[in-house]
Amino acid sequence: MPRFSVIVPAYRVQAYLHACLESVLAQSYPDFELIVVDDGSPDACGAIADEFAALDPRVRVVRLPRNEGLGPARNAGMARAGGDYLVFLDGDDTLTPGALRAVADRIKETGGPDVLVYDYARTYWTGETVRNQAAAHLTEQGPAPFRLTDRPGLLKLLMVAWNKAVRREFAEREGLTFPPGYYEDTPWTYPVLMTAGSVATLDRVCVHYRQRRRGSILGTPSERHLDVFDQYDRVFAFLESRESRPGAHPDPARWRPLLYRRMADHLTTVYTRPDRLPRSLRAEFLRRARVHCRRYRVPGAPAPLPVRLRHALLRLGLRRTYAALRLASALRRRTANGTTALLNAVRAGALRLHYRVQRCLPLRADRAVFAVEGNRGYGRDPGALEEAFRRLAPHVRTAWAADPAHHHTVPPGTRRLTPGTAAHWTALARSRYLVRDSAFDPGLLRRRGQVLVQTQAGTPLKHMGLDLQERPAAAHGTDFARLLRDVDSWDHVVSANRHSTLTWERVHPGDWTTLEYGQPRTDVLQRATAADVARLRETLGIPEGTVAILYAPTHRDYRRTQRAALDLERVVRRLGPRFMVLARAHPRHGGPLAASGGRVLDVGDHPHVESLCLASDALVTDYSSLMFDYAGLDRPVVIHSAEPEAYEAARGTYFDLRSFPPGAIARDEDELIAVFAGGDWHGARAARLRAAFRERFCPYDDGRAADRVVRRVVLGETDLPPVVPLAARRPAPSAASLGPVAPLPSAVPALRADDANAATGDPARAPLTTVPQPAGPRTVTDSL
C-alpha cells in the first residue's frame, strides 16, 4: 500500500500534462501511486498518460467513456486508489520539488491527521509566481493536530481539493465524494474540513496553480457557472443531514452563519467577474442569488459594512443599484488615484526646489551620509566605513539613509534618514562626505568641496559597468549615459585587490582616485574571536558539533523567474545529521530558497551576511562575489557550477572560475553531496586552491581596510600603517570541528577535481582573463 495516491484528472490539458506528471514522478519521496484519469479528452491526454505508464510502474491510467467533469473523474480515481492519503492535482498544475516529502514528514510529525492543508502559489503565463495571500492561516498556532472549531480561519482559504492530503480511510468512512458540475470543490472541501476529527497544516508551497491565459474553466463565460447554486445546496444539505444525528460532528448551528457569508462572497465574485457570466445570464444569476441568500441567511454572520452592503444588494436583487454603486466606486478610485498623482508631483517639485535652496547654503565639513543599494539596512562596506568614521573621526557626525523598515538596524548615535524626505535632501546637499556602494541618488549634483566615496559591491567576477553594453539580459535596460554621469561625480573608489582596480578603472572610466586598501566589510571577519563565532552560532540555533553550510547562490539574469538549483532538504538528508544548511537567497530572488524546517534554515532576512559567514563552516555558491569575502576567512568554499555555459553567455565572467577556483567544484547536486560526504570540501587540495585564491584576491584583508580609507579620505594621512602579510595572519576561528566525515553508503562517485582545474598545474599561476587597460590617460591609483 503506497503512502499517497496522487489523482490527476485530464481533459484538454495536453500542453501541460507532461509538466504535471513529471513534477510528480520527480519527487524525492518515492512511495506513491499516480492515477491519471482520462476524462474522455479529445486531445492527446490519453496517449501522454499511456507513455508515462509504460515508463514507470507507479503510473496507472483510468479511462472514462465520455467527458464527465472534474468531480466524477476524481471519484473514478478515488475508487481505484490504494494509498493511505489522497492527493489531488489538476492536469495543468504541478507539484513543487520536495512537496511529497514535506507532506509525508508533516503527517508523521502530527500523528497522521485526517486532513493536512498545505499552501500553493499562482504561476502566471507571464512567468510571475505569487504565493497565496491567505498563507498566514497555515502557520503553526498552537498544538497540532486540531479540529476546525479550533482554527475556523482555515475556511478563508481557497476551497479547492488540490491543497489538501485527505486520509483515504476517513473519506471512505464518511462517504465523501465529488458532485458533478462546475465548482465541484465546494461541496467536497467544506464537509471534509468540518467532519475531520483531526486537521494539520503545512506552511509550505506544495502546488503551483497555473493561471492560463486562455482556456481555463473558470475563465470561460458559460451557463455552467450557474452550477454554483446547486453546489451550495449540497453544502447546506450536508449540514441538515447532520442535524438529524444527535451529537454529530460538526454542529450545524455553529457553521451556518459562516457558510452563509462564504456563499454570499462567492456568489458576489462570480457575478462581478466579466469572464464568467455571459451578459444574457446576469439577470438570471442575480434572481437565483436572491433566492439562495434569503433561503440560507442566518443571523449572526458579522461582516464589515461594505461586505454587509454587498450581501444586502445581492439578497434584495437590486441589480441596477449594484451596478450604480460599482460605477461610483470606480469613479472614486480613479479620482483618488488622480489626486494622489497630482500631490506626488507637487511634492516632488517642492523637494527639488528645497534641494536647490540647500545647495546654496554653506557645506558642513563635519557631516557624512551613508547608504547601501536598495536603501536597505545598516551594513556592508558603507556600514564598515561608518563605524570607522565614528571611531577614528568622532568630530564627523554620521547619518544613515534607509527605508523606515530598516531603521532599527542603524546603531545608536547615528542619525536615521528616510530617502526622499526633505531631511534626506538637506543632508545630501550640505554633507561633506557621501558614501554608497551603488549608484548615488538620482538628481544628486556634487558640489564643490563634497567628497563622494564609491565602495562598489565587492570583487567583480561577473561583468559590470560598460561591459554590460553587450549583455542585454544582464543590463536590464541600464542607462549607460546616466551611469557615466554618476561615475563622473565620484572622488574615490575603494578597491579590494589589483584585479578589482584594473576592472573598475576600465568599466567605470572617470577621474576618480582608486583606494586599493582592501574590502572594508571583511574587517569584521578578520577581527572576530572564537567567542563571537560561538555567540552567533547560538543565536542562529546551530547545534554544537554541527557543520553549518552557508548556501548563497547569485541572481541568474537569463531567468525571468528565479528557482533554487538545489533540493536542500535532499542534500541534508543524504549528508546525515551532522550537517545543516543556512539558505540565503539573493535579494532579487523574490522569495526564500527553501522553507525553514529540520536542518535547513532560511536566513534570507538576516540583516548581516558577515554574521552568517562567521557562523558557518563552509560556503557553497555559484558565481556570487561573496566567495571573495569568505575566502579571506580561510574556510572551505565549494563552487556549485550549475549551468556554466548559460551564465557565461548571459552575464560573462572576468576569469574562468573552473580553472582558478577557491576550492572543490561540483557540477550538479549529486557531485556536491559527494564533495561533502567524501571530505573533499576541506581536504588538502581544497586548502591549496584556497591559499592561491586568497593570495590573489585577499592581499589586504587584515581587518584594517576601513581604517585605511578613513585615514586617507578624512584625516588626510598618506603614511598609512602597513598591511599585515597574508602568511602572518591567523584564520578566523570556526566553531565546528572539521574532522573526517564518513562517506555516504550510496554509490555516488567521489568527486575528482575539474579537468580544467587540473590542467592549470600550479593554481597560483593560473592567468586571470581581465581585459587589459585601454590606452590613454590613466587614473591615479593609490596602492600600499
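Residues are numbered from 1 along each chain as its sequence is written. In this predicted model local features need pLDDT of at least 70 and side-chain atom pairs count only at pLDDT 80 or more, while totals for chains, interfaces and linings use all residues, and side-chain values use heavy atoms, with hydrogens and water left out.

Biologist: What pLDDT does the protein average?

Modeller: The pLDDT is the predictor's confidence in each residue, from 0 to 100. Over residues 737-784 it stays under 50, although the model has 105 contacts (heavy atoms within 4.5 Å) beyond four places in sequence for that stretch. Of the residues in the protein, 85% score at least 70, and the average pLDDT is 85.

Biologist: What percentage of the residues in the protein is buried?

Modeller: Buried means under 20% relative accessible area, exposed over 50%, and partly exposed in between, with a 1.4 Å probe and protein chains only. Of the 784 residues in the protein, the buried share is 54%.

Biologist: How many residues are in the largest nonpolar core?

Modeller: A nonpolar core is a set of buried Ala, Val, Leu, Ile, Met, Phe, Trp, Tyr and Cys residues joined through side-chain atoms within 4.5 Å. In the largest one, Val37, Phe88, Trp188, Tyr190, Met194, Met263 and Phe285 touch the most other members. Another core, which lies apart from it, has 40 residues, including Val8 and Trp162. The largest nonpolar core itself has 57 residues.

Biologist: How many residues of helix α6 are buried?

Modeller: Helices (H or I, at least four residues) and strands (E, at least two) are DSSP runs, numbered from the N terminus. Helix α6 spans residues 186-195 and is mostly covered; among its buried residues are Trp188, Tyr190 and Met194, which are also named among the residues touching the most other members of the largest nonpolar core. The buried count in α6 is 10 of 10.

Biologist: Which residue in β20 is the bridge partner of Tyr551?

Modeller: The open sheet of six strands has the order β19-β18-β17-β20-β21-β22, with parallel pairing. Within it, three bridges join β17 (residues 547-551) to β20 (residues 618-621). The partner of Tyr551 in β20 is Val620.

Conventions. Pairing = 2+ DSSP bridges.
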